[in-house]
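I opened my notebook to record, entry by entry, what I looked up in this structure and what I found there.

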Amino acid sequence: MSVRPHASLPALLGATALLLADVAGAAQLNVIVTVRNLAPANSVSFAPLQLGFHNGTSDAFNNGQVATAPIISVAEGGAGTAWRQAFSAAEPNATVGVVGGLLQPGESRSTSFRVDSAANPFFTFATMVVPSNDFFIGNDSPTRYRLFDNAGNLLITSIAQTAGQIWDAGSETFDPAAAAFVGNNDLRTPQGGVVGFDFSELSGFNGLLTGAGYTFQSALLADTGIYQIEFATTPIPIPAPIGLLAAGLVAMGAVARRRARTTVAR
Ligand SMILES: [Ca+2]
Ligand SMILES: [Ca+2]
């Protein structure tokens, strides 16, 4: 009887198709990151959000220590180019990116990222608070926010920040004339300090006209909500070539099964 060799072929082809589909979709997710400025009207705005989905080892700053160039590129400049370069150099397999644009009070913005949830389950962020000389928000501990479990399920759907979580990088002295958003950000006087929490200094900018055209009023208390980062995931469809290959293998399997049945019928 010739059934056995023919019967095992479709099983093999089917298993291969499943394997290909699994490899194509292995731990890969689209993660939609939404940022919201929750600060009171006319209070702080934010520079583009710098973010990394990573393995939990990249650490851009420490409370009580001197700020280094990568976090200063966020805290003083807002663009964060050195932050992203340092992140990618330290973790080449991380997903590093930006949710772009100035974020004024009441505004929100979303961007989608492709993430390997198994290799990069942790989330790190940093963004400049403006107006300021060197203020930012961000997570000190690189393992503070684990977004995914081993099955790729979201463990955290949002991260909220209050005014009491605003950092002073300690790198540039307070000076409205040299502050981003209200002064000439190309100017700076070294502060020679260390990273530490501070939001009270922001009231020193009260009454100044911002680059966005509103007159700044801090109006912040330590527990005032200022920022939220939200996460949502969607699966990544199987890439077309692999999907077609898998479909072709399944079709071949069906043909083989028909042949096997025909052989039995004889
Ligand atoms: Ca740290
Ligand atoms: Ca400072």
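**Entry 1: helix 3.** I began with helix 3, residues 81-90, in a model that is predicted, and I asked which of the residues of helix 3 are buried. The list that came back holds Trp83, Arg84 and Phe87. I then looked at how these residues are placed around the helix axis, and because they cover an arc of only 95°, they lie on the same side of helix 3. Next I wanted to know what covers the buried residues of helix 3. The cover includes strand 3 (49-54) and helix 2 (69-75), and it also includes strand 4 (95-99) and strand 6 (122-130).

**Entry 2: proline 70.** Is proline 70 buried or exposed? It counts as buried because it has 23 C-beta neighbours inside 10 Å, and the cut-off for buried is 20 or more. Leaving aside neighbours within four places in sequence, I found proline 70 in contact with Ala60, Ala82, Trp83 and Ala86. For the pair of proline 70 and tryptophan 83 I also looked up the spacing: they are 13 residues apart in sequence, while their C-alpha atoms are 4.1 Å apart in space.

**Entry 3: strand 6 and its partners.** I went on to strand 6, which is mostly covered, with nine of its nine residues buried. Which way do strand 3 and strand 6 run when they pair? They pair in the antiparallel sense, over five bridges, and glutamine 50 stands opposite alanine 126 in strand 6. Strand 2 (residues 45-46) is joined to strand 6 by two bridges, and these strands also run antiparallel; here serine 45 stands opposite valine 130 of strand 6. Strand 7 (residues 135-138) is joined to strand 6 by three bridges, again antiparallel, and the bridge partner of threonine 127 in strand 7 is isoleucine 137. I noted too that a hairpin of four residues connects strand 6 to strand 7.

**Entry 4: the nonpolar core.** I then asked how many residues the largest nonpolar core has. It has 55 residues, and those with the most contacts inside it are Ile71, Ala75, Met128, Val129 and Phe136. Among the elements that give two or more residues to this core are strand 1 (28-37), helix 2, helix 3 and strand 11 (225-235), but strand 6 gives the most, with seven residues.

**Entry 5: threonine 111.** For another setting I turned to threonine 111, which lies in strand 5 (residues 108-116). Threonine 111 is partly exposed, because 17 other C-beta atoms lie within 10 Å. Not counting residues up to four places away in sequence, threonine 111 touches Val33 and Val99. Threonine 111 and threonine 34 are 77 residues apart in sequence, yet 6.6 Å apart in space, taken from C-alpha to C-alpha.

**Entry 6: the whole protein.** Last, I stepped back and noted that the protein has four helices and 11 strands, and that 36% of its 266 residues count as buried. Among the contacts with a separation of 6 or more, 77% come from residues 24 or more positions apart.

Notes:
Residues numbered from 1 in each chain as written. Chains lettered and ligands numbered in written order. Predicted model: local features only at pLDDT ≥ 70, side-chain atom pairs only at ≥ 80, totals over all residues. Buried ≥ 20, exposed ≤ 12 C-beta atoms within 10 Å, placed from the backbone. Contact = placed C-beta atoms within 7 Å. Arc of directions from axis to C-beta. Pairing = 2+ DSSP bridges. Core = buried A, V, L, I, M, F, W, Y, C linked by C-beta atoms within 7 Å.
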